[in-house]
Amino acid sequence: MRRRPRTPPSPLPQRDGVDPVRVRLPPGEGWATVRDHLVARLAAGDGVVDGMLDAGLIVGADGRPVAPDAAYAPGAYVWFHRPLPDEERVPYPVEVVHRDEHIVVADKPHFLATTPRGSHVAETALARLRRDLAIPTLTAAHRLDRLTAGLVLFTVRPEERGSYQSLFRDRQVTKEYEAVARYDPGLSLPRTVRSRIVKERGVLAAREVAGEPNAVTRVELLEHRDGRGRYRLVPRTGQTHQLRVHMTALGLPILGDPLYPVVTGPVPAGDFRRPLQLLARELEFTDPVTGRAHRFVSGRQLRAWSSYDAWAR
């Protein structure tokens, strides 16, 4: 069996906790120069790639700037830092629940993305923690939606990341969520919801379709008052937006949800009112590296339950 060629380490350091972009030049392409390939691949706008090459901002594995007329070399790598977008700072801290030489468990606030993606780059939980804890090797073992608050597991050592990711892949992590939604006295709970959920690329909301179930959620009512319920949600699978879809299917859309049951208009940047009332409350697993049993609990509260009037204003 042929070994896959080793990816060389990045010659560029992180910037603001964000890794540089790495581009591998694929074999079998007919490009004459590196510049031609990058212009076609990145679709960055007229003159952007040329400007970066002229400024020496795109480098090869040796750390030297790639010349504007450098010949295309199949299999080679180049690196560069993308310009950071203007990001509205999420005005809530990322709390560290646990830290050791292998993992960091963070309690993420609403509105903060877990990892860099799209227009959220430096203002993410991963980038913040890398800066605040001075751990440039920190990576996420799983993700929470930007609008969902609660516990996220990060790994410290790159060589151990796969072991922790496999916990989630193999469903060896017990996850419990908490949600606030309307109370329906006619709905019999607890119950287990099973359905098939699909999420199409470019479509904001996921949907349920006919077919073999790929999403399973246990829904329990913890307490209710003033027409609202506080619910415990225990997912057995990890489909995109699974909890939000299943609660909506029960007629209990989670308060503050901009996608379910109806997609609403985009919230203006800097508007942090009425966060989605969904919280990743608990994580429980056996550490695959140390063998230690872990159970972590979020210290956050859902404001639509603890202080509804303040949340609704």
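Student: How many cavities of 30 Å³ or more does a search of the whole structure find?

Tutor: This is a predicted model, where local features need pLDDT of at least 70, side-chain atom pairs count only at pLDDT 80 or more, and totals for chains, interfaces and linings use all residues. Residues are numbered from 1 along each chain as its sequence is written, and side-chain values use heavy atoms, leaving out hydrogens and water. A cavity is a set of points on a 1 Å grid over the protein atoms alone where a 1.4 Å probe fits but cannot get out. At 30 Å³ or more, the search finds two.

Student: Which strand gives the largest share of the lining of the second largest cavity?

Tutor: Lining residues have an atom within 4 Å of a cavity point, and strands are DSSP runs of E, at least two residues long, numbered from the N terminus. Two strands, β7 and β12, each supply at least two residues of this lining. The largest share, four residues, comes from β12.

Student: How many residues of helix α5 are buried?

Tutor: A helix is a DSSP run of H or I with at least four residues, and buried means under 20% relative accessible area with a 1.4 Å probe, protein chains only. Helix α5 spans residues 242-249 and is mostly covered. Among what covers its buried residues are β7 (174-182) and β12 (278-286). Of the eight residues in α5, the number buried is six.

Student: Which residue with a positive phi follows α5?

Tutor: Helix α5 covers residues 242-249. The residue that follows has a phi near 80°, and it is Gly 251.

Note on methods. Buried < 20%, exposed > 50% of the residue type's maximum accessible area, 1.4 Å probe, protein only. Contact = heavy atoms within 4.5 Å. 1 Å grid on protein atoms, 1.4 Å probe; cavity = no way out; pocket = protein on both sides within 12 Å on 5 of 7 lines; lining within 4 Å. Points joined across faces, edges and corners; volume = space filled by probe spheres on them.
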